[in-house]
Amino acid sequence: MKINPKTRFSKTAQCYDQYRPSYPEQLIEWIINTTKTRPPSLVVDIGCGTGIASRLFAKRGFRVIGIDPNQEMLEQAIKKAGGPKYQKGYSDNTNLPEASANLCISAQAFHWFDIEKTNQEIKRILKPGGFCCAFWNVRIRTPFVKGYESLLKVYSSDYEKTPKAKDTVEAIKRSSSVRSFKEKQFDNTQSFNKDDLIGRAYSTSYVAHGVKEHDKFRQALRDLFDKYQSQGKVSFTYKTLAICWQLKLKGEK
């Protein structure tokens with residue numbers, strides 16, 4: 001059964017908030033410098049989830065509105081301090097006023113969106129000359145990560161069907177609505193004890209919905225942890241893949 005992307009994270013909201021990685025400070029600096037956006041400009045975080053990226057921009061003095069279709073994810077975001085405002089909305093229908101935002105961001109979410117419809121909505125809500133930036137933590141395939149991904153392929157019927165960040169980046173590059181495009185990568189890492197590794201796995205929708213043999217999967221994760229742990233920890237090493245683009249103005253070819 002295919003799960004609607006707008007509701008598929010309901011089961012994962014608490015684990016998502018607790019176990020998903022944040023983003024490097026260098027990424028935020030790059031976005032600010034690339035887009036020339038300065039506080040207290042309005043940043044709209046589309047697909048904000050539990051507000052991980054929203055809070056990073058609010059901490060810098062930006063006004064932030066987080067938009068997400070999932071009520072459970074928004075409830076987790078609202079529980080946290082940090083300054084952003086949150087409201088229910090969709091990537092192609094944010095319910096925000098025209099030309100109200102200085103910058104649109106999307107963290108670990110744009111691969112779920114209809115690119116052309118979302119770009120049209122971003123164009124509507126951005127002020128002229130504004131940017132959109134999307135970014136993802138993409139795992140580097142260390143021996144431990146290769147083992148982890150092998151377990152996902154064995155136990156999750158949903159894992160290989162999940163849209164991938166790199167495919168989305170290429171599709172945005174090719175879009176006829178895009179007029180400028182910049183790309184950058186940053187180092188990021190996240191370490192886990194054995195229980196945290198299981199929590200991290202269950203923060204993903206392809207585990208929450210795709211795994212049927214949960215006891216066997218959890219035991220396989222524990223065995224993998226025991227094989228690769230060092231001083232009671234294992235790590236995901238990421239490349240944080242970031243892109244910034246502008247959309248063509250009316251009448252521009």
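The chain has ten helices and seven strands. Its radius of gyration is 18 Å, close to the 18 Å that the globule rule gives for 253 residues, so the chain is as compact as a globular protein of that length. Please bear in mind that this is a predicted model.

Some further figures describe the chain as a whole. Along the principal axes, the C-alpha atoms fill a box of roughly 55 × 35 × 30 Å. Of the 253 residues, 55% count as buried. If we take the contacts between residues at least 6 apart in sequence, 78% of them join residues at least 24 apart.

I turn now to helix packing. Two packed helices are described by the angle between their axes and the distance between the axes.

Let us begin with helix α6, residues 143-155, and helix α10, residues 214-228. At what angle do they pack? The angle is about 170°, and the axes lie 10 Å apart. That makes α6 roughly antiparallel to α10, because an angle over 145 degrees counts as such. The crossing of these two helices, α6 and α10, is right-handed. On the α6 side, the residues in the contact are Pro143, Phe144, Gly147, Tyr148, Leu151, Leu152 and Tyr155. They meet Lys216, Phe217, Ala220, Leu221, Leu224 and Tyr228 of α10. Sorted by class, this contact of α6 with α10 comprises eleven nonpolar residues, one polar residue and one charged residue.

The second pair is helix α2, residues 25-35, with helix α3, residues 52-59. Their axes come within 11 Å and cross at roughly 65°. The helices α2 and α3 are therefore roughly perpendicular to each other. Glu25, Ile28 and Ile31 of α2 make the contact with Leu56, Phe57 and Lys59 of α3. By class, the contact of α2 with α3 has four nonpolar, no polar and two charged residues.

Aspartate 17 is found in helix α1, residues 13-19. Is this aspartate 17 buried or exposed? Its relative accessibility is 15%, so aspartate 17 counts as buried, the cut-off for that class being under 20%. Which residues does aspartate 17 contact, once neighbours within four places in sequence are left aside? They are Thr50, Arg55, Gln76 and Lys80.

Aspartate 45 lies in strand β1, residues 42-46. At 0% relative accessibility, aspartate 45 counts as buried. Not counting residues up to four places away in sequence, aspartate 45 touches Ala53, Ser54, Ile65, Gly66, Ile67, Ile105, Ser106 and Ala107. For a sense of distance, aspartate 45 and phenylalanine 131 are 86 residues apart along the chain, and their C-alpha atoms are separated by 12 Å.

Next comes tyrosine 206, which lies in helix α9, residues 205-208. Tyrosine 206 has a relative accessibility of 10% and so counts as buried. Leaving aside neighbours within four places in sequence, tyrosine 206 is in contact with Arg8, Arg139, Leu152, Ser156, Asp158, Tyr159, Thr162 and Val211. One of these, Leu152, also belongs to the α6 residues that meet α10. Tyrosine 206 and glutamate 121 are 85 residues apart in sequence, and their C-alpha atoms are 28 Å apart in space.

I close with the backbone. Most residues other than glycine have a negative phi, and most peptide bonds are trans.

Where in this model is there a cis peptide bond? Such a bond joins proline 39 and proline 40, with omega about 5°. Proline 40 is found in the loop between α2 and β1.

Lysine 36 also lies in the loop between α2 and β1. Lysine 36 has a positive phi of about 55°, although it is not a glycine. With a relative accessible area of 61%, lysine 36 is exposed.

Alanine 99 has a positive phi as well, about 50°, and is likewise not a glycine. Its place is in the loop between β3, residues 85-88, and β4, residues 101-107. Alanine 99 is partly exposed, with a relative accessible area of 35%.

Thank you for your attention.

Methods: Residues are numbered from 1 along each chain as its sequence is written. This is a predicted model: local features need pLDDT of at least 70, side-chain atom pairs count only at pLDDT 80 or more; totals for chains, interfaces and linings use all residues. Side-chain values use heavy atoms; hydrogens and water are left out. Axes are lines fitted to C-alpha atoms, for helices over the stretch in contact, and angles run from 0 to 180 degrees between N-to-C directions. Helices (H or I, at least four residues) and strands (E, at least two) are DSSP runs, numbered from the N terminus. Angles under 35 degrees count as roughly parallel, over 145 as roughly antiparallel, 65 to 115 as roughly perpendicular and the rest as oblique. A crossing is left-handed if the near helix is turned anticlockwise from the far one by less than a right angle, and right-handed if clockwise. Contact means heavy atoms within 4.5 Å. Ala, Val, Leu, Ile, Met, Phe, Trp, Tyr, Cys and Pro count as nonpolar, Asp, Glu, Lys and Arg as charged, and the others, Gly among them, as polar. The radius of gyration is taken over C-alpha atoms; the globule rule is 2.2 Å times the number of residues to the power 0.38. Buried means under 20% relative accessible area, exposed over 50%, partly exposed in between (1.4 Å probe, protein chains only).
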